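I opened the notebook to look up a few points in this structure. The entries follow in the order I checked them.

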Amino acid sequence: MKKRMFIALDISSADKVNVAQWRKQHLDLPFKAIDENNFHVTLAFLGLLEQEKQANLTVLINQQHHLIQQQLRMLATQDISFSLHLSKVGYFKKAQVLHLMPESCPHWLMYLNKVIVE
């Protein structure tokens, strides 16, 4: 069975509620909305993967966990605001999903993406 896989950051419950309220006020759409508990910030989309590839990828990520943590410690030592201002709405045609995105991507988020993709 194939499954869409991605690596993502969770967001706070309060932010999930805020996005859901904004969506309800501004995007009254005639189809089923994604549950707010599934809201996240995608770092890397890995694609539609067979179960064996899912398992192999999970093992690889777990093996690299310590290295990833080391590379991300650099962010923790800097005085950075980890906020993200989502100001644009986009659409993933194949998945038929609306998404929010920033006007420009902050440095810290680009760095997280780079570390994860590597």
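Is S81 exposed or buried? I found S81 at 53% relative accessibility, so S81 counts as exposed. My cut-offs: buried is under 20% relative accessible area, exposed is over 50%, and partly exposed is in between, with a 1.4 Å probe and protein chains only. S81 sits in the loop between α2 and β3 (86-92).

Notes on the source. I am working with a predicted model, where local features need pLDDT of at least 70, side-chain atom pairs count only at pLDDT 80 or more, and totals for chains, interfaces and linings use all residues. Residues are numbered from 1 along each chain as its sequence is written, and side-chain values use heavy atoms, with hydrogens and water left out.

Overall layout. I listed three helices and four strands. Helices are DSSP runs of H or I with at least four residues, strands are runs of E with at least two, and both are numbered from the N terminus. The pattern along the sequence reads β-α-β-α-β-β-α. The C-alpha trace spans about 45 × 45 × 25 Å along its principal axes. Of the 118 residues, 20% are buried. I then looked at contacts, meaning heavy atoms within 4.5 Å. Among those with a separation of 6 or more, 65% join residues 24 or more positions apart.

Around W108. Leaving out residues up to four places away in sequence, W108 touches L9, L75, I80, S81, F82, S83 and L84. I also checked H107, which is in helix α3. H107 is exposed, with a relative accessible area of 54%. H107 and I80 are 27 residues apart in sequence and 9.6 Å apart in space, C-alpha to C-alpha.

How do α2 and α3 pack? I found that the axes of α2 (residues 51-76) and α3 (residues 107-117) come within 10 Å and cross at roughly 170 degrees. Axes here are lines fitted to C-alpha atoms, for helices over the stretch in contact, and angles run from 0 to 180 degrees between N-to-C directions. The two helices are therefore roughly antiparallel, a label for angles over 145 degrees. I68, Q71, L72, M74 and L75 of α2 meet W108, Y111, L112, V115 and I116 of α3. I sorted the residues of this contact into nine nonpolar, one polar and no charged. Nonpolar covers Ala, Val, Leu, Ile, Met, Phe, Trp, Tyr, Cys and Pro; charged covers Asp, Glu, Lys and Arg; the others, Gly among them, are polar.

The core. The largest nonpolar core has eleven residues, including V41, I68, L75, W108 and L112. Such a core is a set of buried Ala, Val, Leu, Ile, Met, Phe, Trp, Tyr and Cys residues joined through side-chain atoms within 4.5 Å. β2 (40-49), α2 and α3 each supply at least two of its residues. The largest share, six residues, comes from α3.

K16 lies in helix α1 (residues 13-26). At 9% relative accessibility, K16 counts as buried. Beyond its neighbours within four places in sequence, K16 contacts D10, I11, E36, N37 and F39. Q96 lies in the loop between β3 and β4 (97-102). Its phi is near 55 degrees, a positive value in a residue other than glycine. Q96 is exposed, at 59% relative accessibility.

Technical notes. Parallel < 35°, antiparallel > 145°, perpendicular 65-115°, else oblique.
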